[in-house]
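Reader: I'd like to learn how to read salt bridges in a model. Can you walk me through some?

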Amino acid sequence: MAASETVLRIPLGSLSQSCYLASFFVNSTPNLSFKPVSRAKRGLRCTNSHDLSRVSTSAARGDSFHGSNCALRGKKLVSNICKCQKHDVEESIRSTLLPSDGLSSELKSDLDEKPLPVNGSVSSNGNAQSAGTKSIEDEAWDLLRQSVVFYCGSPIGTIAANDPNSTSVLNYDQVFIRDFIPSGIAFLLKGEYDIVRNFILYTLQLQSWEKTMDCHSPGQGLMPASFKVKTVPLDGDDSMTEEVLDPDFGEAAIGRVAPVDSGLWWIILLRAYGKCTGDLSVQERVDVQTGIKMILKLCLADGFDMFPTLLVTDGSCMIDRRMGIHGHPLEIQALFYSALVCAREMLTPEDGSADLIRALNNRLVALNFHIREYYWLDLKKINEIYRYQTEEYSYDAVNKFNIYPDQIPSWLVDFMPNRGGYLIGNLQPAHMDFRFFSLGNLWSIVGSLASNEQSHAILDFIEAKWAELVADMPFKICYPAMEGEEWRIITGSDPKNTPWSYHNGGAWPTLLWQLTVASIKMGRPEIAEKAVELAERRIAQDKWPEYYDTKRARFIGKQARLYQTWSIAGYLVAKLLLANPAAAKFLISEEDSDLRNAFSCMISANPRRTRGPKKTQQPFIV
């Protein structure tokens with residue numbers, strides 16, 4: 001057979017990052033060569049002939065993915081390695097695999113694992129299952145591995161959904177950044193690190209790709225919403241094909257909205273990878289450090305806003321359709337804060353980073369104060385708002401955002417329990433979104449954006465309102481749903497976001513893993529155990545839907561995809577963490593003393609103390 005050549009094509013516009021990528025792959029895969037291509041051809045390219053004599057040992061993962069190397073073509077996984085050589089490739093890499101239990105030695109010492117039986121599995125409550133019956137957890141692992149996407153022979157992510165009966169694929173055959181997070185965490189907990197490492201490094205290279213809509217390009221640090229592995233004929237040689245990573249930065253998305261949360265989730269996953277594996281070499285790479293800084297500079301850029309919260313358009317996060325969350329939605333603020341904390345841990349100290357780290361620390365303190373002080377809502381706060389004076393022109397105003405008491409919705413008066421509270425969904429001048437948004441509140445607990453008292457109060461609220469927020473299937477994405485004229489005006493009569501469906505009050509099983517991490521952090525895992533037990537009654541029987549409809553989540557969503565990957569992965573992460581709660585530490589950010597002290601100073605500070613012209617270090621001429 002003729003010798004094969006594998007080519008990774010890099011656009012000329014990002015040569016600095018290309019050199020780092022080349023360095024990485026030359027060290028791990030010596031049979032890759034690099035050729036620059038024009039920016040008109042988007043995406044990473046990898047060319048393969050059919051001679052396997054030079055396949056790198058790092059191209060296969062062994063028994064983690066059943067020894068198969070595949071390229072995603074439409075809805076089928078097609079093998080690229082012939083059976084006669086598959087065994088040799090598997091055996092050659094076994095000695096290089098990281099620990100098989102999914103935990104670094106540092107994390108391992110904190111765990112008190114329950115022993116597994118030889119011919120069975122153990123549920124979260126410690127009950128062994130016989131080897132003859134396939135558990136829900138086993139089925140979930142099989143489905144998760146079937147969703148894995150391969151690029152140039154290496155696992156690189158998981159597709160959004162793998163429903164064999166679906167006639168309309170749309171973009172569910174792509175690897176979404178936010179959707180992969182629970183999949184990546186599940187693989188980390190299982191000891192299968194390669195897919196997460198590959199995902200982090202390949203998506204980093206997509207960060208610098210050309211992204212334009214109607215002659216306008218967003219900031220450099222933007223991460224794609226998703227990418228797809230495409231197999232296309234090689235230019236000038238019809239006998240060969242090449243695999244191409246084609247990213248979508250929002251140019252093709254419904255509504256054409258840039259994914260603000262993608263870069264934030266990428267930083268969170270990067271930190272989780274280092275904490276779980278003990279391998280800090282990835283986050284210390286020069287190109288990875290550059291990628292972190294690009295995301296931070298994009299988020300910390302100066303603008304017209306007076307608030308420390310991140311200003312975004314509607315549909316720029318998990319709720320990616322028009323749902324009235326434009327402005328300063330809690331979900332984005334919780335992820336923003338968590339990403340800042342994670343980045344502060346990972347940034348290497350150097351002279352060029354001093355200003356960025358200073359800006360990061362200042363933003364952390366201001367954002368922490370702003371969310372805890374102005375987004376918090378409980379019965380006492382509602383009563384304060386009810387008695388607000390309006391039109392206060394004063395530096396010492398109590399009603400700083402000029403909120404009108406009549407904005408308090410009628411449903412909230414009876415809905416708020418005597419004990420507990422939550423962070424509201426959004427805050428802007430003369431506007432408070434009183435809806436409960438699950439992801440924002442849960443991740444505020446995980447990332448310590450909410451105080452310890454507030455975190456317990458949020459879980460108290462969830463327990464008090466279990467029938468509304470969980471009902472027959474966890475977990476409502478938001479509560480309550482918009483109905484009637486409000487739904488028509490705010491969603492534009494969106495037929496997918498009808499009341500109690502999809503983003504408008506639908507129940508999303510993937511939120512199980514965030515609920516589990518938050519519950520474990522606060523020492524209340526029984527909340528997550530109850531939710532998981534409820535989900536297990538029907539989620540596998542219902543074929544792992546994307547979401548559920550109706551107030552009590554009794555129906556599978558009318559447009560929900562079946563075998564939704566992050567529903568599967570969310571369940572698996574919840575089960576793994578409940579079996580070993582100490583493993584949740586690599587996802588949790590604890591509040592440090594410096595931030596706590598700075599926050600206390602802000603509360604006691606005089607608001608007029610810092611008013612006046614800024615001091616300048618240099619003279620200027622008028």
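Author: Let's start with Arg538, which is buried at a relative accessible area of 17%; buried means under 20% relative accessible area, exposed over 50%, and partly exposed in between (1.4 Å probe, protein chains only). Asp542 counts as buried too, at 13% relative accessibility. Keep in mind that this is a predicted model, where local features need pLDDT of at least 70 and side-chain atom pairs count only at pLDDT 80 or more, while totals for chains, interfaces and linings use all residues. Residues are numbered from 1 along each chain as its sequence is written, and side-chain values use heavy atoms, with hydrogens and water left out.

Reader: What do Arg538 and Asp542 form?

Author: A salt bridge, that is, a side-chain nitrogen of Lys or Arg within 4 Å of a carboxyl oxygen of Asp or Glu. For Arg538 and Asp542, the closest N and O atoms are 2.8 Å apart.

Reader: How many salt bridges are there in the whole structure?

Author: A search turns up 21. One of them joins Lys275 and Glu345, with 3.8 Å between the closest N and O atoms.

Reader: What about Asp494 and Arg321?

Author: Their side chains meet in a salt bridge at 2.9 Å, N to O. Asp494 sits in the loop between α17 and α18 and Arg321 in the loop between α9 and α10, so the pair ties together parts 173 residues apart in sequence. Both Asp494 and Arg321 are buried.

Reader: Which residues are linked in a network of salt bridges?

Author: Arg419, Asp460, Glu463 and Arg524.

Terms used:
Helix = DSSP H or I, 4+ residues; strand = E, 2+ residues; numbered from the N terminus.
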